[in-house]
Amino acid sequence: MESMAKKKPRPRRSFTSEFKAEIVELCRRGDRSLGQVAKDFDLTETAVRLWVAQAETDAGERDGLTSGERAELAALRRENRRLREDVEILKRATAFFATETR
């Protein structure tokens with residue numbers, strides 16, 4: 001029995017905010033469907049759909065976190081993680097020095 005050839009996963013790509021804005025504008029114009037725009041620019045429909053939804057959220061047309069709020073949330077989560085690590089280190093140091101002084 002032949003084994004099915006596995007497709008190589010597509011490498012993760014990043015796009016500038018200007019490029020995303022242009023793609024969103026093409027979708028909003030209505031000249032082409034979202035799927036056609038994605039196909040023409042070798043993008044996944046899911047990515048284009050997410051970009052359009054995020055643009056609608058940023059414009060206040062849809063509920064959800066704006067891009068600025070998402071960036072702030074990510075920064076706060078990073079800071080929270082770092083502070084928790086700092087507290088854990090201080091707890092260990094306190095326990096270490098408490099046993100040393102006895």
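The chain has a radius of gyration of 23 Å, whereas a compact globule of 102 residues would have one near 13 Å. That radius is taken over C-alpha atoms, and the globule rule is 2.2 Å times the number of residues to the power 0.38. The model is predicted: local features need pLDDT of at least 70, side-chain atom pairs count only at pLDDT 80 or more, and totals for chains, interfaces and linings use all residues. Residues are numbered from 1 along each chain as its sequence is written, and side-chain values use heavy atoms, with hydrogens and water left out.

**Fold and extent**
- The chain has 4 helices and 0 strands, in the order α-α-α-α.
- Helices (H or I, at least four residues) and strands (E, at least two) are DSSP runs.
- The C-alpha trace spans about 80 × 55 × 20 Å along its principal axes.

**Burial, surface and contacts**
- Of the 102 residues, 15% are buried (under 20% relative accessible area, 1.4 Å probe, protein chains only).
- Among contacts with a separation of 6 or more, 36% join residues 24 or more positions apart (heavy atoms within 4.5 Å).

**Largest pocket**
- Its volume is about 270 Å³, the space filled by probe spheres set on the grid points.
- A pocket is an open set of points on a 1 Å grid where a 1.4 Å probe fits, with protein on both sides within 12 Å along at least five of seven lines.
- Its lining (an atom within 4 Å of a point) includes R10, R12, R13, K20, F15 and W51.
- By class, the lining has 4 charged, 5 nonpolar and 2 polar residues; Asp, Glu, Lys and Arg count as charged, Ala, Val, Leu, Ile, Met, Phe, Trp, Tyr, Cys and Pro as nonpolar, and the others as polar.

Definitions and conventions
Buried < 20%, exposed > 50% of the residue type's maximum accessible area, 1.4 Å probe, protein only.
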